[in-house]
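Reader: I would like to go through this model term by term and hear what each label rests on. Please set each value against its cut-off.

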Amino acid sequence: LESGSVKEYQRELNEANGLLSRNVLWTTPSGQIVSVKTERFVDQTSNAIHQRVTIVPLKGSIKVKIVTGIDGSVTNSGRQHLLRNECRQLDSRTIAADYTLNDSDQKVAIAVNYSVDGVASVDDRKFNMSFSKVVEASRPFILEKKAIVAAQPFESQPFERVAFFANDNRNFAEALSDSEKLFWNGFWEDNRIVIDSEDIDDQELIDFAEYHLATMAPRNDSRISIGAKGLSGEGYKGHAFWDNELFVLPFFMSSDLKIARNLLKYRFDHLNEAKQRASESGYKGAWYPWESAFSGKDETPEFASMDISTGEAQPVTSNIHEIHINSDIAYAMEKFELVSSFWQRTSILEEMTKFWISRSYKDKEGTYHFNAVTGPDEYTEDVSDNAYTNYMIYLNLVETIPYLNDRLRNQEKDV
């Protein structure tokens with residue numbers, strides 16, 4: 001579409017079933033008018049990605065050639081992830097590739113299946129299938145593509161998993177129907193928030209927010225959390241922040257307790273990393289990282305953008321000063337306790353209490369202070385006794401003391 005001209009363009013997201021559609025009316029350099037429609041969705045029952053392209057010449061015949069497949073050269077913010085191990089054509093309609101992650105020995109596999117036979121080719125890091133056909137006027141050319149990704153440690157044998165996927169014979173429409181009936185219908189029936197407003201945008205915005213929450217959440221695994229931008233962009237490299245506990249978790253506490261519990265269990269599963277971080281920083285207890293990912297360790301970058309006035313890189317200090325991450329997690333656990341139970345809670349609260357004691361400063365009057373902190377207003381850095389930080393720590397301690405008293409009372413001691 002970089003040549004010729006685009007006469008019409010429309011993009012639409014059907015939140016009822018997750019179908020994203022693009023309709024383009026395109027005039028070729030030779031003057032022919034062609035309708036191009038692309039559709040895609042993620043099957044919520046299998047996590048497979050389904051795509052369909054429909055090309056219709058409106059006058060005269062055209063020769064269509066589509067080249068598509070697996071692109072192992074894709075980067076995130078310029079970083080290459082995949083080292084190719086194997087590319088294999090499983091049959092006339094299916095290709096699969098096996099990779100090793102650049103930063104580890106973990107394996108990732110991708111399989112792609114098409115609705116018609118194609119010609120396979122390997123070009124450097126790209127493994128493609130090509131499809132060519134002369135299409136008569138007003139006759140549609142339709143190509144369907146479905147792909148699935150499997151990775152360690154979630155799958156022990158990723159390549160075998162994606163190769164087995166080739167046996168799924170459902171077409172685009174059947175998979176879309178299954179995804180809608182088995183997931184989306186129930187999700188909207190149980191969770192849709194209806195806004196009584198004269199402005200239709202209000203309802204559309206809340207629906208859009210719920211759609212993103214539904215698609216970004218790890219439903220069956222606590223080893224991963226939700227990135228700061230969900231699935232909408234590459235910002236922050238998919239790292240988890242305090243946003244999850246304060247802004248995302250409340251939705252799932254009222255809609256899906258399993259997901260809510262997984263998000264909290266992600267924190268508990270990395271308690272040892274939080275304790276290690278506190279120890280390495282000269283404190284006791286547990287100090288959760290400002291940015292975390294799969295390892296549970298601090299992933300906050302050391303530097304951010306360049307200061308154009310000094311020519312020096314700007315240091316990132318959020319991981320040092322925004323200690324409210326601990327109390328944000330504790331606050332979320334307290335709220336979760338109102339609707340269910342989180343059995344690992346006490347050990348986390350105890351370790352956080354040790355951290356607050358060791359991180360605080362006690363003046364001559366016996367008052368405790370927290371110096372060199374940054375609250376949610378990140379434009380006001382490195383202050384003392386930030387109101388939000390102090391109050392959240394206060395709530396954390398008020399919630400923790402009864403637990404510690406009960407345990408110590410059994411030991412005939414007192415806090």
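Reader: What makes the contact between K354 and E351 a salt bridge?

Author: The model is predicted, so local features need pLDDT of at least 70 and side-chain atom pairs count only at pLDDT 80 or more, while totals for chains, interfaces and linings use all residues. Residues are numbered from 1 along each chain as its sequence is written, and side-chain values use heavy atoms, with hydrogens and water left out. A salt bridge is a side-chain nitrogen of Lys or Arg within 4 Å of a carboxyl oxygen of Asp or Glu. The closest N and O atoms of K354 and E351 are 3.3 Å apart, so the pair is a salt bridge by that rule.

Reader: How are K354 and E351 placed in helix α9?

Author: They are 3 residues apart in α9 (residues 345-359), and therefore about one helical turn separates them. Helices here are DSSP runs of H or I with at least four residues, strands are runs of E with at least two, and both are numbered from the N terminus.

Reader: Why is E351 called buried, and what is K354 called?

Author: Buried means under 20% relative accessible area, exposed means over 50%, and partly exposed is in between (1.4 Å probe, protein chains only). E351 has 11%, so it is buried. K354 has 34% and therefore counts as partly exposed.

Reader: What is the distance between D168 and R170, and how many salt bridges are counted?

Author: The closest N and O atoms of D168 and R170 are 3.2 Å apart, which is a salt bridge. Both residues are buried. D168 and R170 are also linked with D43 and D178 in a network of salt bridges. The count comes to 15 salt bridges. As background, side chains of opposite charge can pair when their charged atoms come close.

Reader: Why is α2 called oblique to α3?

Author: The axes of α2 (residues 172-191) and α3 (residues 200-216) come within 12 Å and cross at roughly 125°. That angle makes α2 oblique to α3. Angles under 35 degrees count as roughly parallel, over 145 as roughly antiparallel, 65 to 115 as roughly perpendicular, and the rest as oblique. The axes are lines fitted to C-alpha atoms, for helices over the stretch in contact, and the angles run from 0 to 180 degrees between N-to-C directions.

Reader: What is the handedness of the crossing of α2 and α3?

Author: The crossing is right-handed. A crossing has that name if the near helix is turned clockwise from the far one by less than a right angle, and is left-handed if anticlockwise.

Reader: What makes L1, V6 and Y9 a nonpolar patch?

Author: Patches are made of residues with over 30% relative accessible area and no salt bridge; like charges are joined within 9 Å, and nonpolar side chains (Val, Leu, Ile, Met, Phe, Trp, Tyr) within 5 Å. L1 has a relative accessible area of 56% and is therefore exposed. Together L1, V6 and Y9 have about 320 Å² of accessible area on the surface, from the Shrake-Rupley method with a 1.4 Å probe, where for residues only the protein chains shown count as cover. L1 lies in the segment before β1 (5-14).

Reader: What stands out in the backbone at N47, Y236 and P153?

Author: Most residues other than glycine have a negative phi, and most peptide bonds are trans. N47 has a positive phi of about 65° although it is not a glycine. N47 lies in the loop between β3 (33-42) and β4 (49-57), and at 55% relative accessible area it is exposed. Y236 has a positive phi near 65° and is found in the loop between α3 and α4 (243-255). A cis peptide bond joins Q152 and P153, with omega about 0°. P153 lies in the loop between β13 (141-151) and α1 (158-165).
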